Each structure stands twice: as C-alpha cells, then as structure tokens.
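Please have the sequence and the model open while reading.

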Amino acid sequence: HVDSLYEATQHVPMFLYLPGGQGAGTHVEQTVTHSDILPTFLAAAGIDMPASLADVDSYPLQKSIMPDGLGYKERSVYIEAQHFNLGKNRKIGWRTGEWKFIDRRPDPKTGEVVRHLWHYRENETEDFFSQKPELAEKLLYDLRQYYKALPKVEGVRVEQSFSDQAAMSSLGYAGGSDDNE
C-alpha cells in the first residue's frame, strides 16, 4: 500500500499447511509468488490445473519436495507499486534471483524517468544502474517483454453508493485517482 518496491514490502513469507502434513518443514529457497497458490490448492485437492490457465507462470508448491524440485533454479518475477497517490507515476520492476530493476513511469509534468538497479540480496541502497548498463538494459528488456505479454482487460466503471464510499474511506482507501490528476 505504499510506493515501495524494497524487499521489506515485496518479500512476504508464505506458510502452507497441506493435508497430511505433506512437505512439513520444507523451506523453499526459490522465488514463489501468489500465482502459485491456486495450483498448489488444486494439487492438494487432487484437481488438475484447468487448460485455460496452462500459460500462467505458476507451480504447485508440492513439487518442491520432489527430487527435481520446482523445476527452476531462478525465477524472475514482475513487481509493482501502484497506489492512488502515485497515479501515473507508479513503479514497476523486474526481480531476478540476485537483481532488482525498478522503472518509474515518466512523470507527466516533468517527463523524468527514474530507474534503479539493486543487488537486493546485499542491500538496496547502492544503485548499480550506471555501473552495470548492460545488465540494466537486459532487465529493462525482460520487464518490457513480460509487461507487453500481459493480457489486457478493459475495466468497468461503476458508481459507488455513499455507504460504500464511507466504508472504503474508513479503511483508508478513499482518495484520488488517475482521473483526478
């Protein structure tokens, strides 16, 4: 809920309790994401992944206790910080096993683009963007390819009732949007 892509907001531990204590005590070193939850629960229920989701980059976490593991050593993932206060300045990023590339959209008023490259496992204070331009360019390319491949869906605007607006406001979710800028 903040405009941060630091590990403190991006690395969220996940704990699962699977039927029969399957995989109890297993610590998975590889990157897993929220997209792995559905296939994990489906596998626990003995249900195959629907064909409509076959192209989704996701893994049933039960594979982590198999001899071949999850099937990958390193997994790059898309990250973003999108909050109504950011508007069109939201941050997007690409995280590999060792590096994190951050790309802030151009500021609508100044046109300024801010990019960072962090060796996030060591620290996120030293920016390697200018020191490793080839790596930064590759990660920017990978990020753009991933983003371009995302399915685009049209949203539907609905009017909120006064009580819905009041409820959202009480939770801290009321405020500006891209349309108000």
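Buried means under 20% relative accessible area, exposed means over 50%, and partly exposed lies in between (1.4 Å probe, protein chains only). At 32% relative accessibility, Ile37 therefore counts as partly exposed. The model is predicted: local features need pLDDT of at least 70, side-chain atom pairs count only at pLDDT 80 or more, and totals for chains, interfaces and linings use all residues. Residues are numbered from 1 along each chain as its sequence is written, and side-chain values use heavy atoms, with hydrogens and water left out.

**Overall**

- The chain has 4 helices and 4 strands, where helices (H or I, at least four residues) and strands (E, at least two) are DSSP runs numbered from the N terminus.
- Along the sequence these elements follow the pattern α-α-β-β-β-β-α-α.
- Of the 181 residues in the chain, 28% are buried.
- The accessible surface comes to about 12700 Å², and 54% of it belongs to carbon and sulfur atoms; areas come from the Shrake-Rupley method with a 1.4 Å probe, and for residues only the protein chains shown count as cover.
- Among contacts with a separation of 6 or more, 41% are between residues 24 or more positions apart; contact means heavy atoms within 4.5 Å.
- Asp3 lies in the segment before α1 and is partly exposed, with a relative accessible area of 39%.

**Nonpolar cores**

- A nonpolar core is a set of buried Ala, Val, Leu, Ile, Met, Phe, Trp, Tyr and Cys residues joined through side-chain atoms within 4.5 Å.
- The largest one has 11 residues: Tyr78, Ile92, Trp94, Trp99, Phe101, Leu117, Phe128, Ala136, Leu139, Leu140 and Leu143.
- Two or more residues of this core come from each of β2 (91–95) and α3 (133–149), and α3 gives the most, with 4 residues.
- Ile92 touches Leu5, Tyr78, Ile79, Glu80, Phe101, Ile102, Asp103, Arg105 and Leu143, not counting residues up to four places away in sequence.
- A second, separate core has 6 residues, including Leu5, Ile79, Ile102 and Trp118.

- Ile37 is found in helix α2, which covers residues 37–44.
- Pro39, Thr40 and Leu42 are buried in α2.
- The buried residues of α2 fall within an arc of 165° seen down the helix axis, so they line one face of the helix; the arc is that of the directions from the helix axis to the C-beta atoms.
- Gly46 follows α2 and has a positive phi, near 75°.
- Met14, Leu16, Ile37 and Phe41 form a nonpolar patch on the surface, with about 320 Å² of accessible area together.
- Patches are made of residues with over 30% relative accessible area and no salt bridge, like charges being joined within 9 Å and nonpolar side chains (Val, Leu, Ile, Met, Phe, Trp, Tyr) within 5 Å.

**Salt bridges**

- The whole structure holds 8 salt bridges, each being a side-chain nitrogen of Lys or Arg within 4 Å of a carboxyl oxygen of Asp or Glu.
- Arg75 pairs with Asp36 in a salt bridge, with the closest N and O atoms 2.7 Å apart.
- This pair links distant parts of the chain, 39 residues apart: Arg75 is in the loop between α2 and β1 (77–81), and Asp36 is in the loop between α1 (7–10) and α2.
- Arg75 is buried at a relative accessible area of 5%, and Asp36 is buried at 0%.
- Asp103 and Arg115 meet through their side chains in a salt bridge (2.9 Å, N to O).
- Asp103 in strand β3 (residues 100–104) and Arg115 in strand β4 (residues 114–118) are 12 residues apart.
- Asp103 is buried, with a relative accessible area of 8%, whereas Arg115 is partly exposed at 25%.
- Glu112 forms a salt bridge with Arg104, with the closest N and O atoms 3.9 Å apart.
- Glu112 is partly exposed, with a relative accessible area of 44%, whereas Arg104 is buried at 18%.
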